[in-house]
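Work through the exercises below with the sequence and the model open. Each task is followed by a solution in steps.

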Amino acid sequence: MRRFLRDNALSLGFGLLFLLSLAGQAFSGLADYNDGRLSHAAEPVGLLDYLASADFAVDVAENWQSEYLQFFLYVFATVWLLQRGSPESKPAGRAGLETDEDQQVGRHATAASPKWVRAGGWRTGIFSMSLGLVMLGLFLLSWLAQSVAGMSAYNAEQLTEFGDPVSWFGYLASSDFWNRTLQNWQSEFLAIGSMAVFSVYLRQRGSPESKPVGAPHRATDESGSLDRGERVSVRRRTDDHGQECP
């Protein structure tokens, strides 16, 4: 058990934080929801009724879809887009799908490679994009859940204010849907861009999301090493004693 906890501490730790924060959202959301109902002279609801409501579902789903969109775009964007000096980026010269040797596929696969890699053909092709495809699928599912739950919550509010309910397509074109959606998207894009840039110049000792503390700012590889062209440039600028030349 101790070894299992050690080997899975990251996923278990964040899983626990997820459950605790979801529980906190449920109770705080219930209090806020009942405050709104009381202000409209309606009876408050219990926790189970709130958890089954469209209001709770849309609040959860709109955050999930933005997170999975973030990872989907990041997984695919970092194949081609680079940020020199950031451990969140591949080194210069490695943009693209890379060679079979780099990716350990085809004749470069080993006995320890995943089964679908050793199988070749369409299975290797699908497995080679599986991370991005799963993130895309989870984004689309959570986005669909947000749109359906959001429509239900929006129509319930419309009815209490004697307004006309809207269809699913009508809700997709509404300002309520896009306000909920874009306020999450912009924060995710800002966070990713900030992490990519800050990690060029800032360090976190011991974290795989950071370069080694003493690595040069221009080092892009996670190990803190310079690429071949940069190593040649540094050697040319230093004397035999390792001091930088003018």
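**Exercise 1. The ring cluster**

Task: Which residues do ring pairs link into a cluster?

Solution. 
Step 1. Ring pairs join Trp 143, Tyr 154, Tyr 171, Phe 177, Trp 178 and Trp 185 into a cluster. The model is a predicted one.
Step 2. The structure has 11 aromatic pairs. One of them is formed by Trp 143 and Phe 177, with 5.8 Å centre to centre and 80° between the planes. Edge-to-face requires planes over 60 degrees apart, and this pair is edge-to-face.
Step 3. Trp 143 belongs to helix α8 and Phe 177 to helix α10 (residues 175–201), so the pair ties together parts 34 residues apart in sequence.
Step 4. Trp 143 has a relative accessible area of 21% and is therefore partly exposed. Phe 177 is at 0% relative accessibility, so Phe 177 counts as buried.

**Exercise 2. Another ring pair**

Solution. 
Step 1. Trp 168 has 25% relative accessibility and so counts as partly exposed.
Step 2. Phe 169 has 61% relative accessibility; the residue therefore counts as exposed.

**Exercise 3. A glutamine in a helix**

Task: Is Gln 146 buried or exposed, and which residues is Gln 146 in contact with, leaving aside neighbours within four places in sequence?

Solution. 
Step 1. Gln 146 sits in helix α8 (residues 130–160).
Step 2. Its relative accessibility is 0%, so Gln 146 counts as buried.
Step 3. With neighbours within four places in sequence set aside, the contacts of Gln 146 are Val 58, Ala 61, Glu 62, Gln 65, Phe 177, Arg 180 and Thr 181. Val 58, Ala 61, Glu 62 and Gln 65 fall within α4 (54–80). Phe 177, Arg 180 and Thr 181 fall within α10 (residues 175–201).

**Exercise 4. Helix α2**

Task: Compare the span of helix α2 with the expected one, and say which of its residues are buried and what they pack against.

Solution. 
Step 1. Helix α2 covers residues 9–39, 31 residues in total. From first C-alpha to last, α2 reaches 45 Å, close to the 45 Å expected at 1.5 Å a residue.
Step 2. Ala 26, Gly 29, Leu 30 and Asn 34 are the buried residues of α2.
Step 3. Residues three or four places apart in an α-helix point the same way, because there are 3.6 residues a turn.
Step 4. The buried residues of α2 pack against α3 (47–51) and α4 (54–80).

**Exercise 5. Positive phi**

Solution. 
Step 1. Most residues other than glycine have a negative phi.
Step 2. Glu 98 is not a glycine, yet its phi is positive, about 65°. Glu 98 is in the loop between α4 and α5 (100–103).
Step 3. Gln 104 has a positive phi near 55°. Gln 104 is in the loop between α5 and α6 (115–119), and at 44% relative accessibility counts as partly exposed.

**Exercise 6. The whole protein**

Task: How many helices and strands are there, and what percentage of the residues is buried?

Solution. 
Step 1. The protein has 11 helices and 0 strands.
Step 2. Of its 246 residues, 25% are buried.

Terms used:
Residues numbered from 1 in each chain as written. Predicted model: local features only at pLDDT ≥ 70, side-chain atom pairs only at ≥ 80, totals over all residues. Heavy atoms only, no water. Helix = DSSP H or I, 4+ residues; strand = E, 2+ residues; numbered from the N terminus. Expected span 1.5 Å × (residues − 1). Buried < 20%, exposed > 50% of the residue type's maximum accessible area, 1.4 Å probe, protein only. Contact = heavy atoms within 4.5 Å. Phe/Tyr/Trp six-rings, centres within 6.5 Å; stacked < 30°, edge-to-face > 60°.
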